[in-house]
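This report describes a single protein chain through its secondary structure, its packing and the confidence of its coordinates. Please keep the sequence and the model in view while reading.

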Amino acid sequence: MATKNRLLRRLYNRRHITSAGCWEWIGWCSRKGYGMIRVDGKAMAVHRVSFKLHGGRCTRRKPMVLHTCDNPPCFNPEHLYAGNARRNALDVAERTGWPDRSGEHNQNCKLTDGQVAEIRCRYVPWSRGQASANSLAAEYGVGAAYISWLCREERHARPARSVS
Ligand SMILES: [Zn+2]
């Protein structure tokens, strides 16, 4: 069994604190960009784990853990609250001025499709310097975890079944 303290240490060891105060997960992310962690053999979303470890509670009417910062890899408990899908859509629309749609106006997508294509061309995994996730993140004003997620996402989209 994973103890609370050990779990917390695992979270704190893998966070990147952004200038906005987000704790971005460094490591495995889901296709939607949420940080993922294995707890007792089960894959769990990091922001949900963090919310509960810090005393947050979900109820039947508010089963989801949502972000006030619209930053999927963030697991700062101060940026998390319990809610539901309807509430989330309303909140996001209010915060961003956009209804929840796909593509460039998606609330998780701070970049245009053109910028995403550019980043995918330029990003070199595990590199240092200009092609690194950190440097691209600074240039485009997004989190480093978001950059590596975008580029991982592209690998997922390729039809070939290679390494898993
Ligand atoms: Zn945040």
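## Helix H2 and its surroundings

The buried residues of H2 pack against helix H1 (4-13), E2, E3, E4, E5 and strand E6 (80-83), where helices (H or I, at least four residues) and strands (E, at least two) are DSSP runs numbered from the N terminus. These buried residues are Val46, His47, Val49, Ser50 and Phe51; a residue is buried if 20 or more other C-beta atoms lie within 10 Å of its own, exposed if 12 or fewer, and partly exposed in between, with C-beta atoms placed from the backbone. Packing is judged by contact, which requires that the C-beta atoms of two residues, placed from the backbone, lie within 7 Å. Just after H2, glycine 55 takes a positive phi of about 95°.

## Basis of the model and overall layout

This is a predicted model, in which local features need pLDDT of at least 70 and side-chain atom pairs count only at pLDDT 80 or more, while totals for chains, interfaces and linings use all residues. Residues are numbered from 1 along each chain as its sequence is written.

The protein contains six helices and six strands, and their order along the sequence is α-β-β-β-β-α-β-β-α-α-α-α. Of its 164 residues, 24% count as buried. Among contacts between residues at least 6 apart in sequence, 49% join residues at least 24 apart.

## The largest nonpolar core

A nonpolar core is a set of buried Ala, Val, Leu, Ile, Met, Phe, Trp, Tyr and Cys residues joined through C-beta atoms within 7 Å. The largest such core here has 21 residues, and those with the most contacts inside it are Val46, Phe75, Ala137, Tyr146 and Ile147. Strand E2 (23-25), helix H2 (46-53), helix H5 (133-140) and helix H6 (144-157) each supply at least two of its residues, and H6 gives the most, with five residues. At least three residues of this core come from each of domain 1 (1-109) and domain 2 (110-164), the bounds being those of an automatic or database domain assignment.

Tyrosine 146 illustrates the packing: not counting residues up to four places away in sequence, it touches Gly33, Pro73 and Ala137. In H5, the buried residues are Ala133, Leu136 and Ala137. They lie on the same side of H5, because they cover an arc of only 105° around the axis, the arc being that of the directions from the helix axis to the C-beta atoms. Just after H5, glycine 141 takes a positive phi of about 70°.

Strand E3 (residues 36-39) pairs with strand E4 (residues 42-45) in the antiparallel sense over four bridges; two strands pair if DSSP finds at least two bridges between them. Arginine 38 has alanine 43 in E4 as its bridge partner. The two strands form a hairpin with two residues between them, and aspartate 40 in the turn has a positive phi of about 50°. Aspartate 40 counts as exposed, because it has 8 C-beta neighbours inside 10 Å.

Most residues other than glycine have a negative phi. Aspartate 70 likewise has a positive value, near 55°, and is placed in the loop between E5 and E6. Aspartate 70 is partly exposed, with 19 other C-beta atoms within 10 Å.

## Lysine 62 and its contacts

Lysine 62 lies in the loop between H2 and strand E5 (64-67), and is partly exposed, with 14 other C-beta atoms within 10 Å. Leaving aside its neighbours within four places in sequence, lysine 62 is in contact with Ala82, Gly83 and Asn84. Lysine 62 and asparagine 84 are 22 residues apart in sequence, yet their C-alpha atoms are 4.9 Å apart in space.

## Confidence

The average pLDDT, which is the predictor's confidence in each residue on a scale from 0 to 100, is 81 for the protein, and 82% of the residues score at least 70. Over residues 99-107 the pLDDT is below 50, and beyond near neighbours in sequence this stretch has 14 contacts in the model. Over residues 155-164 the pLDDT also stays under 50, and the model has one contact beyond four places in sequence for them. Where pLDDT is low, the predicted coordinates should not be read in detail.
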